[in-house]
Amino acid sequence: MANRQLPKAGTIEIVPSILSADFACLADEIAQVEKTPSTSSRQAGVKMVHLDVMDGHFVPNITIGPPVIAKIRKCSNLFFDSHLMISEPERYADDFIKAGVNNITFHIEVVPNPTDFIKKLHDAGVSAGLCLNPETPVSKIEKYAHLADMILVMTVHPGFGGQSFIQKAADKIKPIRQIVGPNIRIEVDGGIDAKTTPIVTGLGADTLVAGFAIFGQSDRAKAINDIRSAIVAGLPR
Ligand code: DX5
Ligand code: ZN
């Protein structure tokens, strides 16, 4: 039976991003990470997949939209974590929800007053993520952060996979954790791999998006387990 609720805060989740997957066989690619077993009770299994939606306007790249998501929904039981890098997320949210996403993360840069939008997403039965770009200060989300289910801290400039991790952007995780407390997830996206994982978990992130570090590798199970091991290595003793 599929559990399509955002996992309750308190676990560290690895969330493979399809951006580095082979789009010609997306369902098979997602199935590979879905099958990856959890190796110990302390290490989270893969419960979620991150779907990067780009419109060629908010970011200089174009990916997938609702028709593709509706098709892959039929092939996967994972929680669909959609990251809308689009200029008008309010306009398209219903289409993504109908297609079967379970979370909609949108950018504060294009929805400066997100209270109503977050409520609309909750009323429609999906969770809401609030995202900020590397150059966007924490003060921009401060008033709204407690309304969201998850805050997404971009640690690269959105648009492409395989970019280098920006430490200065990751430094915002700590003040955000102080603002939201322990019950709201902090997701981090961009340049996450076994090396950067202990940095972001040490700062307070609990939801780790990884594209190239998983789908850019031939052995996806090993790639996920490498990140898992780095989580364990980074846990306070
Ligand atoms: C980038 C996307 C990311 C991307 C991350 O704009 O939002 O989700 O897949 O890619 P990596 O993990 O390769 O940096
Ligand atoms: Zn993303």
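Which atom of ligand 1 has a polar side-chain atom of His50 beside it, and at what distance? I looked it up: an oxygen atom of ligand 1 lies 3.4 Å from a polar side-chain atom of His50 (a polar contact is a pair of N or O atoms within 3.5 Å).

A note on what I am reading: this is a predicted model, where local features need pLDDT of at least 70, side-chain atom pairs count only at pLDDT 80 or more, and totals for chains, interfaces and linings use all residues. Residues are numbered from 1 along each chain as its sequence is written, chains are lettered from A and ligands numbered from 1 in the order written, and side-chain values use heavy atoms, without hydrogens and water.

Next I checked other contacts of ligand 1. An N or O atom in the Asp189 side chain is 2.7 Å from an oxygen atom of the ligand, and a polar backbone atom of Phe212 is 2.9 Å from one. I also found that the protein covers 99% of the 380 Å² of accessible area that ligand 1 has on its own (Shrake-Rupley method, 1.4 Å probe).

Then I turned to the zinc ion, ligand 2. Its protein donors (N, O and S atoms within 2.8 Å of the metal, or 3.2 Å for Na, K and Ca) are His50, Asp52, His83 and Asp189, at 2.1 to 2.3 Å.

Are Asp52 and Asp189 buried or exposed? Asp52 is buried at 4% relative accessible area, and Asp189 is buried at 10% (buried means under 20%, exposed over 50%, with a 1.4 Å probe and protein chains only).

Key
Polar contact = N/O pair within 3.5 Å; in protein donor to acceptor, adjacent residues only side chain to side chain.
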